[in-house]
Amino acid sequence: MLVDDELTTDEQLIDQIRAGDAAALHELYIRYHQYVVSVASSVCRQNCDAESVAVTVFWEIWKRPQRYESSRGSVRMFLFLLARSRAHDLVRAESGQQANLNDAKDILRFRQSQRQANDPASHFARDGMETQLRDSVESLPGELSLPLKLSFFDGLSHVQIASRLSLPLGTVKTRIRRGTHRLRERLLLWKDDWLSS
């Protein structure tokens, strides 16, 4: 169906999206993309990718347009609430990822501080544990291990990793989140052994 963007109301666009009209979704996107990004940015600040939130919002509208009910407010208000909610979700997810990353980095810092010791036996044990850590990162699938290596061992930021790997920032963040979750599980199994060596 052809959308006449001058005459079609937001509510009519939602009705057309419910009928599977991709052109109506496109028109809604054109009308509100910048607004959704702006709402998401006000929640995220520097903590998440507002563009990722916008993609999520419009994808949800495409998949579940029935969630909009005109009796509860305007389409603009619906988009505001949805964008704000998804931005908060992403901020929470990023915070969890950062906590996992911090746990692993704390363990690495502890190991590096232990390198100062002069006891040859302790030094040998620490080298073995660092090898286990590197081996753990290496044992992850390549798509997860490479971003972790660039973050942990090379100290690159998510933006720098995305640039180096020619990947979208959201993809890099997701891969690091998944990788740190898997790595954290392995590291916690060894943590007590590490601290006692």
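**Close-up views of a predicted model**

**View 1. Contact between helices α2 and α3.** In α2, the residues Ala22, Leu25, Leu28, Tyr29, Tyr32, His33, Val36, Val37, Ala40, Ser41 and Cys44 meet Ala50, Glu51, Val53, Ala54, Val57, Phe58, Ile61 and Trp62 of α3, contact meaning heavy atoms within 4.5 Å. By class, this contact has 16 nonpolar, 2 polar and 1 charged residues (Ala, Val, Leu, Ile, Met, Phe, Trp, Tyr, Cys and Pro count as nonpolar, Asp, Glu, Lys and Arg as charged, and the others, Gly among them, as polar). The model is predicted, with local features needing pLDDT of at least 70 and side-chain atom pairs counting only at pLDDT 80 or more, whereas totals for chains, interfaces and linings use all residues. Residues are numbered from 1 along each chain as its sequence is written, and side-chain values use heavy atoms, leaving out hydrogens and water.

**View 2. Crossing of α2 (residues 22–44) and α3 (residues 50–63).** The two helix axes, lines fitted to C-alpha atoms over the stretch in contact, with angles running from 0 to 180 degrees between N-to-C directions, come within 8 Å and cross at roughly 140°.

**View 3. Aromatic pair Tyr32 and Tyr35.** The whole structure contains 3 aromatic pairs (ring centres within 6.5 Å; planes under 30 degrees apart are stacked, over 60 edge-to-face and the rest tilted). Tyr32 and Tyr35 form an edge-to-face pair, 6.2 Å centre to centre with 70° between the planes.

**View 4. Aromatic pair Tyr68 and Phe78.** This pair is edge-to-face, 5.5 Å centre to centre with 65° between the planes. Both Tyr68 and Phe78 are buried (under 20% relative accessible area; exposed is over 50%, partly exposed in between, with a 1.4 Å probe and protein chains only).

Conventions. Helices (H or I, at least four residues) and strands (E, at least two) are DSSP runs, numbered from the N terminus. Rings of Phe, Tyr and Trp (its six-membered ring) pair if their centres lie within 6.5 Å; planes under 30 degrees apart count as stacked, over 60 as edge-to-face and the rest as tilted.
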